[in-house]
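Here are some notes to read alongside the model. Please keep the structure open while going through them.

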Amino acid sequence: MKKRFSVLSIILCIVVAALCLVGCSDHGAPTHAIDTPNYIITPEQAEAEYAKFMTEKHIDRTTFTAGEKAAAADLVDRLKEMGYTDATTQSFTASENDMSNLQSQNVVAHIGSKSANAKNVIIGAYYDNRYKAAYNGAEPDGGEGAVSATAVAAVLTVADYVASHQAALGSQLRVTIAFFGASYLSVDGAKAFLNDMSAADYDNTVLMVEMQRLCGDHIYAFSDARPTKREALFDKVAADNGLNIYKPTSKSPLITGLSALNGVPYYQWAHNGVFTEFFNTGIPTLNLVGANWESAVLSDIESTNHANLLHSENDTLRNVKKYNPDYAQKIATAASLVVQALYDDEFVSVMTYDRKNFPNTDVVSTSWIWYLVVLGAIMICVGIAAGIGAYLKKKYPIVVMAPPQMKMAVFGMDYEDKSSADIFIDVQSGGSDNIFEGIENNAPKTNNPFADIFPPAAPTDGGKDKKDNGNDGADEQGDDPFDQPPTDNK
């Protein structure tokens with residue numbers, strides 16, 4: 001029984017160690033061929049849409065300013081050109097730091113079925129930046145927002161394709177295009193969008209797709225921390241079309257104690273974005289984000305070739321083209337995944353299933369429960385380690401020999417203890433005065449200044465005591481210098 005227990009303990013330890021090393025795996029990379037991707041949205045189309053938006057006019061899209069408002073108006077015009085006749089801005093107020101009643105706007109447009117029972121899919125990105133100070137005291141970063149504009153271009157290419165193929169959506173599907181304002185540093189745009197949704201629109205929405213900074217080394221697709229049908233669908237679409245889509249792994253560190261998603265008791269870099277507001281209301285989501293979480297640098301980096309451009313003065317069109325020359329392919333990859341999934345025969349049924357069965361696990365996100373789970377796992381590991389240690393100690397005992405000690409044996413004391421490893425040195429009268437021969441300063445002293453005062457006592461009987469006379473163990477008279485002759489008092 002003990003042998004079985006020890007074997008199980010070792011197996012459990014190996015399993016725990018393997019789980020701890022998951023972050024060193026490379027399972028995030030696609031396992032399918034990506035040599036000949038099927039770009040239904042081509043890199044040339046992505047480049048053209050990016051160039052239309054990233055003009056000199058839109059370098060300053062600072063949140064809460066006229067620059068942001070002008071960019072929103074131009075996005076409305078571009079959508080109307082595509083055929084979105086109801087494209088419009090959605091104004092709202094927001095607060096930031098100590099400032100309140102700050103003005104911003106979303107851009108919203110719809111296309112597809114007008115049936116009351118049609119399933120709705122939201123596809124969006126944020127479009128503002130912080131080129132200058134939004135208000136007195138606000139911190140600008142001086143960047144042009146060229147990195148985030150790659151996501152704007154991706155959404156525009158999807159919108160253009162859907163507008164040209166809206167008949168193929170059928171009577172079951174409607175697409176909503178959304179560009180979120182006041183979202184460069186917050187989720188205010190997403191909150192305003194949700195507040196403006198009717199109950200029917202909310203109930204019929206089966207998916208929200210967000211695109212972010214699509215000029216990173218890899219394009220990651222994140223849907224949920226738990227298994228979902230939509231994740232399997234997007235994986236299939238990526239494989240069938242040879243799209244280079246990565247999946248977040250533990251290389252994107254699990255940060256406990258923080259959570260952006262209800263029911264997920266930890267935080268990963270992929271959990272950041274406006275999509276979280278939709279996820280937390282029970283709407284299934286897909287986050288497509290450019291990054292590189294495969295390196296040994298446990299940080300949210302865009303690329304291993306350069307420092308992050310986003311949120312810095314280096315976030316310029318020139319630097320995007322310089323450091324990410326394949327950015328158009330990355331935009332085309334993300335846009336093609338969305339379009340090809342949208343027109344998949346299983347899309348409506350899969351998204352409807354995920355919306356109906358959206359996991360309600362808020363209790364798992366309660367921090368004290370999560371800490372108890374972690375503590376329990378640690379205690380189990382410690383118990384297993386202690387059990388293995390006790391077993392090995394019993395099976396292979398380690399005998400530690402005590403080092404021998406040097407002791408003095410004086411006047412013939414009984415030191416013949418054969419069970420002892422100690423070393424005894426016999427120090428007794430007689431013999432050589434030099435008991436440690438060869439050791440410096442140990443020779444007998446020849447010039448003793450006290451020799452005349454305390455001369456050595458000469459033995460009177462050759463150094464041998466007389467026999468005890470039986471008087472209380474005392475020696476015969478004269479044998480002890482303290483013995484006195486009897487006194488006659490007569």
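How many helices and strands are there in the protein?

1. **Overall make-up.** This is a predicted model. The protein has 12 helices and 12 strands. Its length is 490 residues, and 43% of them count as buried.

2. **Contacts and surface.** Take the contacts between residues at least 6 apart in sequence: 74% of these join residues at least 24 apart. The exposed surface comes to about 27,300 Å². Carbon and sulfur atoms supply 56% of that area.

3. **Cysteines.** The count of disulfides is 0. Cys215 is buried because its relative accessible area is 3%, under the 20% cut-off. Cys381 has a relative accessible area of 30%, so Cys381 is partly exposed.

4. **The second largest pocket.** Its volume is about 380 Å³. The lining holds 25 residues. Nearest the centre lie Tyr126, Gln212, Asn272, Gly273 and His311. Helix H4 (146-164), strand S5 (205-212) and helix H8 (275-279) each give at least two residues to this lining. By type, the lining has 10 nonpolar, 10 polar and 5 charged residues.

5. **The largest cavity.** There are 2 cavities of 30 Å³ or more. The largest contains about 50 Å³ of space. Its lining consists of Ala221, Phe222, Ser223, Glu231, Phe234, Asp235, Lys247 and Leu286. Strand S6 (218-222) and helix H7 (229-240) are the elements that give two or more residues here. H7 gives the most, with 3 residues. The lining splits into 4 nonpolar, 1 polar and 3 charged residues.

6. **The second largest cavity.** About 40 Å³ of space lies here. Which residues line the second largest cavity? They are Val121, Ile123, Leu207, Val209, Phe234, Val338, Leu342 and Phe347. Two or more residues come from each of strand S3 (119-126), S5 and helix H10 (327-342). The lining has 8 nonpolar residues, with no polar and no charged ones.

7. **Links between these sites.** S5 is another element to follow. S5 supplies at least two residues to the lining of the second largest pocket, and S5 gives two or more to that of the second largest cavity.

Notes
Residues are numbered from 1 along each chain as its sequence is written. This is a predicted model: local features need pLDDT of at least 70, side-chain atom pairs count only at pLDDT 80 or more; totals for chains, interfaces and linings use all residues. Side-chain values use heavy atoms; hydrogens and water are left out. On a 1 Å grid over the protein atoms alone, a cavity is a set of points where a 1.4 Å probe fits but cannot get out, and a pocket is an open set with protein on both sides within 12 Å along at least five of seven lines; lining residues have an atom within 4 Å of a point. Grid points are joined across faces, edges and corners, and a volume is the space filled by probe spheres set on the points. Helices (H or I, at least four residues) and strands (E, at least two) are DSSP runs, numbered from the N terminus. Ala, Val, Leu, Ile, Met, Phe, Trp, Tyr, Cys and Pro count as nonpolar, Asp, Glu, Lys and Arg as charged, and the others, Gly among them, as polar. A disulfide is a pair of cysteine sulfur atoms within 2.5 Å. Buried means under 20% relative accessible area, exposed over 50%, partly exposed in between (1.4 Å probe, protein chains only). Contact means heavy atoms within 4.5 Å. Accessible areas come from the Shrake-Rupley method with a 1.4 Å probe; for residues, only the protein chains shown count as cover.
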